[in-house]
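Me: I have not looked at this one before. Can you walk me through it?

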Amino acid sequence: MAVTFRQVGEALSPVRDPEIGVSVVDLGLIYGAEILNDPQQGASIKVTMSLTTPACPYGPMMLASVRGALAKIPGVKSADVDLTFEPKWDPRAMASEEAKDQLGIY
């Protein structure tokens with residue numbers, strides 16, 4: 001069975017920024033995903049994401065959490081995370097309405 005973008009989003013939703021306590025998905029830190037489905041060998045997923053700041057002390061832990069969440073999706077053979085800071089993360093433009101409420105952005 002092919003891995004879908006919906007499965008990727010559902011797998012990443014529980015991953016939280018430990019300082020803010022909000023999902024990386026709701027914060028808008030996930031910039032995109034590529035899924036290569038191979039019926040014989042399984043799926044390969046590559047997610048492009050950012051952090052709230054380049055100096056985030058929890059960056060390595062968050063990347064490992066994202067990679068681990070992706071690896072738990074049934075049928076995934078490999079999961080990779082590319083870190084980028086282009087474009088710079090802006091919660092006013094990228095965060096969900098729920099995350100903005102939690103962050104006090106009106």
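**Loop, helix and sheet**

Reply: A place to begin is serine 23, in the loop between α1 and α2. Keep in mind that this is a predicted model.

Me: Is serine 23 buried or exposed?

Reply: Serine 23 is buried; its relative accessible area is 2%, and the cut-off for buried is under 20%.

Me: Which residues does serine 23 touch, leaving out those up to four places away in sequence?

Reply: Leu12, Ser13, Val15 and Arg16.

Me: And what lies 3.0 Å from a polar atom of its side chain?

Reply: The backbone nitrogen of valine 25 lies at that distance from the side chain of serine 23.

Me: OK, on to α1. Which of its residues are buried?

Reply: Helix α1 covers residues 5-12, and Val8, Ala11 and Leu12 are buried in it. Those three are on the same side of α1, because they cover an arc of only 90 degrees around the axis.

Me: Why would residues a few places apart point the same way?

Reply: An α-helix has 3.6 residues a turn, so residues three or four places apart point the same way.

Me: What covers the buried residues of α1?

Reply: The cover includes α2 (24-27), β1 (30-38), β2 (42-49) and α3 (59-71).

Me: Now the strands. How do β1 and β2 pair?

Reply: They pair in the antiparallel sense, over eight bridges. The two strands form a hairpin, with three residues between them.

Me: Which residues stand opposite each other there?

Reply: Isoleucine 35 stands opposite isoleucine 45 in β2. Isoleucine 30 has methionine 49 in β2 as its bridge partner.

Me: What is the strand order in the sheet?

Reply: The order is β1-β2-β3, in an open sheet of three strands with mixed pairing. β1 and β3 (76-83) stand at the edges with a single partner strand each, so one side of each has no neighbour in the sheet.

Me: How many degrees are neighbouring strands turned against each other?

Reply: On average 15 degrees, with direction ignored.

Me: Where do the helices sit, then? Start with α1.

Reply: α1 lies across β1 and β2 and runs at about 130 degrees to β1. Helix α3 packs on the sheet, where it touches β2 and β3. The direction of α3 makes about 155 degrees with that of β3.

Note on methods
Residues are numbered from 1 along each chain as its sequence is written. This is a predicted model: local features need pLDDT of at least 70, side-chain atom pairs count only at pLDDT 80 or more; totals for chains, interfaces and linings use all residues. Side-chain values use heavy atoms; hydrogens and water are left out. Buried means under 20% relative accessible area, exposed over 50%, partly exposed in between (1.4 Å probe, protein chains only). Helices (H or I, at least four residues) and strands (E, at least two) are DSSP runs, numbered from the N terminus. The arc is that of the directions from the helix axis to the C-beta atoms. Contact means heavy atoms within 4.5 Å. A polar contact is a pair of N or O atoms within 3.5 Å; within protein, one must be able to donate a hydrogen and the other to accept it, and residues adjacent in sequence count only if both atoms are side-chain atoms. Two strands pair if DSSP finds at least two bridges between them. Axes are lines fitted to C-alpha atoms, for helices over the stretch in contact, and angles run from 0 to 180 degrees between N-to-C directions.
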